[in-house]
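The sequence and the model are shown below.

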Amino acid sequence: MSSASVQECLQLQLLEMEMLLSMFPNQGEVKLEDVNALTTIKRYLEGTREALPPKIEFVITLQIEEPKVKIDLQVTMPHSYPYVALQLFGRSSELDRQQQLLLNRGLTSYIGTFDPGELCVCAAIQWLQDNSASYFLNRKLVYEPSIQAKPVKNIFLRMWIYSHHIYQQDLRKKILDAGKRLDVTGFCMTGKPGIICVEGFKEHCEEFWHTIRYPNWKHISCKHAESIETEGNGEDLRLFHSFEELLLEAHGDYGLRNDYHMNLGQFLEFLRKHKSEHVFQILFGIESKNSDS
């Protein structure tokens, strides 16, 4: 079937959000990234707002009964959901990294069985309620023999993240700590603008993205993502060997202050060395100067 219009998709998303809020009516059970998101979408659908509203992003805290644990389910609805895939990530302080990876792999695989146009957040919640216990209780039982026989295909992801600026010492430390803790490589270019590249298995990159944004970094966006399917460990796909802070000479000798602008010429050279020159245009829109206007 042909894909629905964005308006139709947003109407379906509002419908699903109404269902979720009636299922989880208590304060704090559904935490919207932007508390005004649903109102903004309603205004857009009514025609009182012209700009496309931000995507609906939220976290639902699920209470699993046996064992008694909590799972936070992070959900992002692309504008064309439910005709494109929902972005989901489940996390719990009671799971180690391997268990969390397997839980999310199982969840993603289940959501992949839905047809385009089918709403699936409620189904994802039900799947977690029904299936998460085995991931908590016994690491050894998680691999089903039928799955083990097939080579496991992993998604290797590279995310290019843009921020208006990155100056604060504590924020820079948080980004570097997340990069070192998770099995990811890349860099964080501090200053104005701030650019982060993170690469690794999809689950690790998504966890990094969630960690640095949560709870309230608003002026940041993922401008571009590259994903490759692999049966290997992904090491041959990496363009960077570690996760480091990138400090380039600024225009003017200001030190790292709010008027500190990165030297974009140097940044372009850095990207060339790492086979990523094409991303410069995506991040800064430079190609508009060369296009026929």
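Of the 293 residues in the chain, 45% are buried. The model is a predicted one. Its secondary structure consists of 10 helices and 9 strands. Among contacts with a separation of 6 or more, 69% are between residues 24 or more positions apart.

β1 and β2 run antiparallel and are joined by 3 bridges; Leu32 has Phe58 in β2 as its bridge partner.

Thr76 stands opposite Gln87 in β4. Strand β4 (residues 87-91) has 4 of its 5 residues buried, so the rest of the structure largely encloses this strand.

## Helix α2

Which residues of helix α2 are buried? In this helix, which spans residues 37-46, they are Ala37, Leu38, Thr40, Ile41 and Tyr44. These residues lie on the same side of α2, because the arc they cover around the axis is only 160 degrees. An α-helix has 3.6 residues a turn, so residues three or four places apart point the same way. The buried residues of α2 pack against α1 (6-23), β1 (30-32) and β2 (56-64). After α2 comes Gly47, with a positive phi near 90 degrees.

## The five-stranded sheet

A second open sheet has 5 strands in the order β8-β5-β7-β6-β9, with mixed pairing. The edges are formed by β8 (220-230) and β9 (243-246); each has a single partner strand, so one side of each lacks a neighbour in the sheet. Neighbouring strands of this sheet are turned by 15 degrees against each other on average, direction ignored.

Within the sheet, β6 (residues 185-189) pairs with β7 (residues 194-201) in the antiparallel sense over 5 bridges. Met189 has Ile195 of β7 as its bridge partner. Helix α9, residues 264-273, lies across β5 (154-163), β6, β7 and β9, and runs at about 175 degrees to β6.

Asn154 counts as buried because its relative accessibility is 10%. Its side chain makes a polar contact of 2.8 Å with the side chain of Arg105. Beyond neighbours within four places in sequence, Asn154 is in contact with Arg105, Phe201, Ile228, Glu229, Thr230 and Gly232.

Ser163 is likewise buried, with a relative accessible area of 3%. The side chain of Ser163 reaches the backbone oxygen of His165 at 3.1 Å. Not counting residues up to four places away in sequence, Ser163 touches Pro193, Gly194, Trp217, His219 and Ile220.

## Cysteines

How many disulfides does the structure hold? The number is 0. For Cys120, which is in no disulfide, the nearest cysteine sulfur is that of Cys122. In the case of Cys222, the closest cysteine sulfur is in Cys205, and the distance of 9.6 Å is too far for a bond. The two residues Cys120 and Cys222 are set out below with their accessibility classes and sulfur distances.

| Cysteine | Relative accessibility | Class | Closest cysteine sulfur |
|---|---|---|---|
| Cys120 | 4% | buried | Cys122, 9.4 Å |
| Cys222 | 32% | partly exposed | Cys205, 9.6 Å |

Terms used
Residues are numbered from 1 along each chain as its sequence is written. This is a predicted model: local features need pLDDT of at least 70, side-chain atom pairs count only at pLDDT 80 or more; totals for chains, interfaces and linings use all residues. Side-chain values use heavy atoms; hydrogens and water are left out. Two strands pair if DSSP finds at least two bridges between them. Helices (H or I, at least four residues) and strands (E, at least two) are DSSP runs, numbered from the N terminus. Axes are lines fitted to C-alpha atoms, for helices over the stretch in contact, and angles run from 0 to 180 degrees between N-to-C directions. Contact means heavy atoms within 4.5 Å. Buried means under 20% relative accessible area, exposed over 50%, partly exposed in between (1.4 Å probe, protein chains only). The arc is that of the directions from the helix axis to the C-beta atoms. A polar contact is a pair of N or O atoms within 3.5 Å; within protein, one must be able to donate a hydrogen and the other to accept it, and residues adjacent in sequence count only if both atoms are side-chain atoms. A disulfide is a pair of cysteine sulfur atoms within 2.5 Å.
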